[in-house]
Amino acid sequence: MAPSPRRSSRKDANALPSMSSTFWAIMILASLLIAYCSQLAAGTCEIVTLDRDSSQPRRTIARQTARCACKKGQIAGTTRARPACVDARIIKTKQWCEMLPCLEGEGCDLLINKSGWTCTQPGGRIKTTTV
């Protein structure tokens, strides 16, 4: 003899299945949208944090953190003063100016110990970046 299905005497025991299929479809779509929106497209970067310190006269220290989704053979770097995916060879050889880190019209020079670069504006202002 087959066992009979158990029935619960609690009123809320079957509450979950009675929710409409529309509700569950919306929940699934919302979850997928949240998961998709947190993904970066391949070869792109976004700034996660940006911190500026202007406590010293005539000097501003800026620190930024970027999140990148680089393609194979690329690594996070800087192009035109924005985070970007650059050829990994540039980072390995510390030839920073090859990734074009300065803005249009600025000159790029390596620091003596290759720990970073300077961008010189036409007016003489110098921006130094260290890695």
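Close-up 1. Cys-45 is partly exposed because its relative accessible area is 22%; buried stands for under 20% relative accessible area, exposed for over 50%, and partly exposed for values in between (1.4 Å probe, protein chains only). Cys-68 is also partly exposed, at 24% relative accessibility. The two cysteines form a disulfide with their sulfur atoms 2.0 Å apart, where a disulfide is a pair of cysteine sulfur atoms within 2.5 Å. The link joins distant parts of the chain, 23 residues apart: Cys-45 sits in strand 1 (residues 44-56) and Cys-68 in strand 2. The link is right-handed, with 115° about the S-S bond. Helices (H or I, at least four residues) and strands (E, at least two) are DSSP runs, numbered from the N terminus. This is a predicted model, in which local features need pLDDT of at least 70 and side-chain atom pairs count only at pLDDT 80 or more, while totals for chains, interfaces and linings use all residues. Residues are numbered from 1 along each chain as its sequence is written, and side-chain values use heavy atoms, with hydrogens and water left out.

**Close-up 2. The disulfide of Cys-70 and Cys-85.** The sulfur atoms of Cys-70 and Cys-85 are 2.2 Å apart. The torsion about this S-S bond is about -85°, so the disulfide is left-handed. Cys-70 lies in the loop between strand 2 and strand 3 (74-79) and Cys-85 in strand 4 (residues 82-87), so the bond ties together parts 15 residues apart in sequence. Cys-70 is partly exposed at 27% relative accessibility, whereas Cys-85 is buried at 14% relative accessible area.

**Close-up 3. The disulfide of Cys-97 and Cys-108.** Cys-97 is joined to Cys-108 with an S to S distance of 1.9 Å. The pair links distant parts of the chain, 11 residues apart, with Cys-97 in the loop between helix 2 (88-93) and strand 5, and Cys-108 in strand 5. The link is left-handed, at -80° about the S-S bond. Cys-108 is partly exposed, with 25% relative accessibility. The structure holds 4 disulfides.

**Close-up 4. Surroundings of Thr-60.** Thr-60 belongs to strand 2 (residues 59-69) and is partly exposed at 48% relative accessibility. Leaving aside residues up to four places away in sequence, Thr-60 touches Arg-52, Asp-53 and Ser-54; contact means heavy atoms within 4.5 Å. The C-alpha atoms of Thr-60 and Lys-127 are separated by 9.5 Å, and the two residues are 67 residues apart along the chain.
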